[in-house]
Amino acid sequence: MKDSLNITQRRKTNIWVVMKTNILLATCLIAGFSTTTYALQLKEEKRLILIDPGHGGLDSGTISKEGLKEKEVVLDIAKSIIAWNKSMLDSKFEIYITRNKDTLISLKDRTKLSRHLKPAVFISLHCNHIENPSIKGLEIYTYKRDPQSLILADKILLNLHENLGFKIRPPKHANFHVLSETSIYCPALLLELGYLSNANESNYLIDKANKRALALAILMALDEVLNSTID
């Protein structure tokens with residue numbers, strides 16, 4: 001009798017996992033969001049990361065004097081994070097992105113996916129710009145002083161500073177829409193990946209190898225924190 005009950009329970013669990021996966025896929029398709037080419041969240045022990053490459057389409061974001069566009073830089077880095085997750089971590093995480101090509105997604109739609117997926121962490125990628133071309137460095141914003149968001153922010157900044165030599169500043173707080181609307185469901189960060197108004201940083205971000213290095217440093221920071229702190 002006990003074995004029979006165990007088999008029945010396993011069957012119910014398997015049916016629920018399949019139903020959950022189908023619902024998740026349908027939600028993404030209806031909402032018009034892109035996902036990675038990797039499997040959906042079939043294993044519950046896998047943590048889900050949602051990456052939001054800023055801007056896109058008609059909205060190029062900031063543009064360097066050399067013509068480097070923010071929208072292209074952040075999309076390249078987002079795709080590199082996905083690639084590193086597969087090659088370095090054997091697809092340890094389920095990684096979704098709010099856009100996988102040069103399209104403009106509204107701020108409202110960018111946050112819909114967080115509401116549906118409730119990821120372990122949400123990161124919006126951007127590049128900075130300021131009139132003073134000597135200003136440089138990385139910045140991270142959180143919505144409020146959420147401890148989990150701050151732990152992630154500190155780890156990412158430390159990795160990018162120690163491994164790649166970027167100047168960093170303490171995490172800041174801002175009422176950005178993508179943060180205020182996603183922090184309800186998970187730790188949420190907005191990462192400014194250097195200043196395109198600074199010649200050194202814009203030249204650094206032109207190089208594909210450098211963007212891949214940035215992506216790897218971000219992923220390694222996420223891996224360390226998600227495996228030790230955030231439940």
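N85 is buried, since its relative accessible area is 0%; buried here is under 20% relative accessible area, exposed is over 50%, and partly exposed is in between, with a 1.4 Å probe and protein chains only. N85 sits in helix 2. And what does N85 touch, not counting residues up to four places away in sequence? N85 touches D90, S91, K92, F93, I95 and L219, where a contact is heavy atoms within 4.5 Å.

Quick housekeeping. This is a predicted model, so keep in mind that local features need pLDDT of at least 70 and side-chain atom pairs count only at pLDDT 80 or more, while totals for chains, interfaces and linings use all residues. Residues are numbered from 1 along each chain as its sequence is written, and side-chain values use heavy atoms, with hydrogens and water left out.

Now zoom out. The protein chain has 7 helices and 6 strands; those are DSSP runs numbered from the N terminus, H or I with at least four residues for helices, E with at least two for strands. Reading from the N terminus, the order is α-β-α-β-α-β-β-α-β-α-β-α-α. Of the 231 residues, 48% count as buried. Among contacts with a separation of 6 or more, 80% come from residues 24 or more positions apart. The chain exposes about 11800 Å², and carbon and sulfur atoms supply 54% of that; the areas are Shrake-Rupley with a 1.4 Å probe, and for residues only the protein chains shown count as cover.

On to the sheet. In what order do the 6 strands line up? They form an open sheet, 2-1-3-6-4-5, with mixed pairing; two strands pair if DSSP finds at least two bridges between them. Strand 2 and strand 5 are the edges, each pairing on one side only. Helix 4 packs on the sheet and touches strand 3, strand 4, strand 5 and strand 6, and its direction makes about 25° with that of strand 6. For that angle, axes are lines fitted to C-alpha atoms, for helices over the stretch in contact, and the angles run from 0 to 180 degrees between N-to-C directions.

Strand 1, residues 48–53, runs parallel to strand 2, with 4 bridges joining them. L48 stands opposite E94 in strand 2, and I51 is opposite I97. In a regular strand the side chains alternate between the two faces of the sheet. In strand 2, residues 94–97, E94 and Y96 point one way, I95 and I97 point the other, and all are buried. Strand 1, helix 2 (residues 70–87) and strand 2 make a right-handed β-α-β unit: with the strands pointing away from the viewer, the path from the first strand over the helix to the second runs clockwise.

Then strand 6. Of its 8 residues, 8 are buried. Strand 6 pairs with strand 3 in the parallel sense over 6 bridges, with N128 opposite Y195 in strand 6. Strand 4 is joined to strand 6 by 3 bridges, but those two run antiparallel; E139 stands opposite E192 there.

Just after helix 4, G165 takes a positive phi of about 80°.

Two more residues and I'm done. G56 lies in the loop between strand 1 and helix 2, and G56 counts as buried because its relative accessibility is 0%. Which residues is G56 in contact with, leaving aside neighbours within four places in sequence? They are K71, R99, D102, T103 and L104. G56 and N100 are 44 residues apart in sequence and 9.8 Å apart in space, C-alpha to C-alpha.

Last one: T111, in helix 3 (residues 107–117). T111 is buried, at 4% relative accessible area.
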